[in-house]
Amino acid sequence: MRVLIAAELQPLLPSDPLPGYGVEWIPSQEPTPRGDYVAIIPLLSRPIGEGELDGLPNLRVLAQCAVGYDNIDLAAAARRGIPVTNTPDVLTESTADLAWTLILSVARRTKEAQEVLYQDSWTGWSPTQLLGLELNGSTLGIVGAGRIGQAVGRRAVGFGMAVLYSDSEGRPEFEEGVGASRRDLFALLAESDVVSVHVPSTNETRGLFDAVRFSSMKPGALFINTARGDLVDEEALREALDLGRLGGAGLDVFSREPDVPRGLVQHPKVVALPHIGSATTVTRRAMAELAVENAAAVLDGRPPVTPVEL
Ligand code: GLV
């Protein structure tokens with residue numbers, strides 16, 4: 001019995017990750033092969049919809065190696081009775097660290113500061129050069145207080161920030177643990193000095209950050225996105241930055257990866273990274289192993305470790 005695994009995961013896994021199955025390593029830029037495969041472990045860049053699933057009639061499990069699964073047509077998988085799994089939890093802390101890398105970089109204008117050195121234009125210490133946002137005493141607004149949003153909020157305590165969150169559910173433990181207060185989205189945008197996004201990409205959230213949302217933010221506030229690029233109208237973000245409505249943005253994700261909007265990436269007020277939120281050795285290995293564990297469980301007739309609700 002054959003299984004398909006994203007070739008990019010090979011260095012993170014044992015040579016025979018699913019003993020008893022024939023593994024075919026498939027590079028993620030290649031189309032999904034058709035055939036009698038019983039499992040597939042894809043990356044988030046592989047679209048899996050009706051067409052791909054029609055070509056995999058024997059598929060018994062779709063074990064995504066990522067926490068997000070917006071590349072997968074869940075309804076199409078559900079219609080065929082194919083369980084979908086993802087890799088939550090193992091990447092929470094590393095992704096929260098990366099969100100904070102962006103928060104700190106944008107607040108303290110490190111891109112513009114580095115440019116001064118790169119251009120050899122530094123004339124010496126100046127009391128008014130490159131003044132940034134003092135995080136201590138400022139307010140962090142977390143949009144989506146799930147696992148990663150809460151981990152970002154926990155770190156805010158150490159930086160002396162007040163924490164607001166918007167979420168479809170109240171999160172009493174988060175409120176107690178970090179002193180966070182729940183707001184509706186527009187109140188959060190109006191009150192936060194830094195807004196960090198942690199919602200999945202769904203039909204409801206796609207394009208959520210548009211011109212209206214950006215103009216509802218505090219003048220000069222910072223916008224951080226480590227979730228998904230298509231949550232944001234990138235043109236509207238660029239305009240808000242150009243007009244000085246926003247003070248800066250930190251972006252790890254883009255709507256058409258790996259194509260990136262050059263104007264945004266090169267903007268002096270934008271710190272941009274190539275989707276490396278979970279990119280630590282420990283996390284990426286744990287993600288690969290969890291994806292394999294999920295596939296193995298379903299193939300063995302056991303419940304998957306981290307199923308996606310279909
Ligand atoms: C990365 O973006 C993931 O969803 O794991």
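**Salt bridges, ligand site and surface features**

Arg 2 is partly exposed, with a relative accessible area of 29%; partly exposed lies between buried (under 20%) and exposed (over 50%), with a 1.4 Å probe and protein chains only. The model is predicted: local features need pLDDT of at least 70, side-chain atom pairs count only at pLDDT 80 or more, and totals for chains, interfaces and linings use all residues. Residues are numbered from 1 along each chain as its sequence is written, and side-chain values use heavy atoms, without hydrogens or water.

Arg 2 forms a salt bridge with Asp 36 (side-chain nitrogen of Lys or Arg within 4 Å of a carboxyl oxygen of Asp or Glu). The closest N and O atoms are 2.8 Å apart. This pair links distant parts of the chain, 34 residues apart. Arg 2 belongs to strand β1 (residues 2-6). Asp 36 sits in the loop between β2 (22-26) and β3 (39-41). Helices (H or I, at least four residues) and strands (E, at least two) are DSSP runs numbered from the N terminus. Asp 36 is also partly exposed, at 39% relative accessible area.

In total, the structure holds 20 salt bridges. One of them joins the side chains of Asp 167 and Arg 171, at 3.4 Å from N to O. Asp 167 is buried, at 17% relative accessibility. Another joins Arg 302 and Asp 300, with an N to O distance of 3.0 Å. Here Arg 302 is partly exposed at 44%. Asp 300 is partly exposed at 49%. Salt bridges also link Glu 50, Asp 54, Arg 79 and Arg 80 in a network.

A polar backbone atom of Val 67 lies 2.8 Å from a ligand oxygen. For Gly 68, a polar backbone atom is likewise 2.8 Å from an oxygen of the ligand. His 275 contributes a polar side-chain atom, 2.6 Å from a ligand oxygen. The protein covers 90% of the 190 Å² of accessible area that the ligand has on its own (Shrake-Rupley, 1.4 Å probe).

Ser 94 is found in helix α3 (residues 92-107). With a relative accessible area of 8%, Ser 94 is buried.

Trp 125 lies in the loop between α4 (110-118) and β6 (139-143). Its relative accessibility is 75%, so Trp 125 counts as exposed.

Glu 289 lies in helix α11 (residues 281-299). Glu 289 is partly exposed, at 38% relative accessible area. Between Glu 289 and Leu 13 there are 6.9 Å in space, C-alpha to C-alpha, and the two are 276 residues apart in sequence.

Methods:
Polar contact = N/O pair within 3.5 Å; in protein donor to acceptor, adjacent residues only side chain to side chain.
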